Amino acid sequence: MAKGDPGAATRSKRAAPRTKRAAATGEPELVQLLTPEGERIESALGPDGTEYRVDFTDEEYRGLYRDLVLVRKLDAEATALQRQGELGLWASLLGQEAAQVGSGRALRTQDMAFPTYREHGVLYCRGIDPIMPLGLFRGVDQGGWDPNEFKFNMYTIVIGAQTLHATGYAMGVAMDGKTGSDEGEAVIAYFGDGATSQGDVNESFVWASVFNAPLVFFCQNNQYAISEPLERQTRVPLYQRAGGFGFPGVRVDGNDVLASYAVTRHALDNARHGQGPSLIEAYTYRMGAHTTSDDPTRYRIASEVEAWQAKDPIARMKAFLTKQQIVDDSFFAEVDEQARAESVHLRERVLAMPDPEPVTMFDHVYPNGSPELDEQRAQFTKYLESFEGSAH
């Protein structure tokens, strides 16, 4: 979905609508442009007085809804495939679609993204075939997309490591003189609330700050680092940590796709113009398990999940489209059918993936091989041959 610059932000010092709502409901202060009931907020202020707004066309609103529905359906299909033994593992994004689609659509063509292992929505927005991460989790490849082609790095399993990669890349962008204009390149690094306790992330904050790297740190605070709740990670709101490192931070409603877009676009544009790094805390919730090997019922209660279901990102966007009479029932039916068809197609393609020969795991370790690797390959081949003709 191509866009111009509907997420432009301006400076303002008047009272923030978000503050009034937070005071009235007892909810945390955050930038919000679409309420859980689907009511549109014209603008909202960040903690530094930045005013955030969007100005989308009806077609762009419909496109965002389509993105949210398709991403959720494809993610649900992947979860089902794992439960049926077709994937080794899957990290679902259920509940975090708005944070990922909003920030993913805010990226300009030249920007570079560094994901964790859960950014399936951002991957989709970057135009990567959704089959790619499933090949990785099925164990048939190491991830099949070209990071340079799509400006989207490979999935990173090691918690927080991608923030170091992103910081080094962003420092290189600055050293190459690729900042200072609308055509400048910005970098975004995704991570979760639990990763903020990792040394890698805090080291990245230091380096990005002192070298004024064109980098946006995007923390999806889904309330749990596997089984550890947020209060075990921090005593203050996560976005406030940025101040200690010398750059701005803002908390956005991560279940609001419009606010997620506006805040991310503004932060990226600041970075590309040479204004250095910033931290976005997307306040959201992981509706499912951390991964398919996790049982969330062991550490959280049903009433908490139900409370967050009322803030569902797709439901609020659907309510908004209906109230504004931007769509009719036939549009929702058409999107649902497209999502169903694409998920069925994805399943068929996964099941058709050939099982790789075990010895191929040596093929791409080094570009030109090595004597040690050749010896390991030979030993492993001999080991496999020892089973020929047996019942194993």
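Met287 counts as buried, at 17% relative accessibility (buried means under 20% relative accessible area, exposed over 50%, partly exposed in between, with a 1.4 Å probe and protein chains only). In this predicted model, local features need pLDDT of at least 70 and side-chain atom pairs count only at pLDDT 80 or more, while totals for chains, interfaces and linings use all residues. Residues are numbered from 1 along each chain as its sequence is written, and side-chain values use heavy atoms, with hydrogens and water left out.

Met287 sits in the loop between strand S10 (278-283) and helix H11 (302-309); helices (H or I, at least four residues) and strands (E, at least two) are DSSP runs, numbered from the N terminus. Leaving aside residues up to four places away in sequence, Met287 touches Leu94, Gly95, Arg300, Val305, Trp308 and Gln309, where contact means heavy atoms within 4.5 Å. Arg66 is 221 residues apart from Met287 along the chain, and their C-alpha atoms are separated by 20 Å.

## Two positive phi values

Most residues other than glycine have a negative phi. Asn212, though, has a phi near 50°. Asn212 belongs to the loop between helix H8 (199-210) and strand S6 (215-221), and is partly exposed at 37% relative accessibility.

Gln223 also has a positive phi, near 80°. You'll find Gln223 in the loop between S6 and strand S7 (224-225), and Gln223 is buried, with a relative accessible area of 11%.

## Domains

The chain is assigned domain 1 (22-351) and domain 2 (366-392), with bounds from an automatic or database domain assignment. The C-alpha centres of domain 1 and domain 2 are 41 Å apart.
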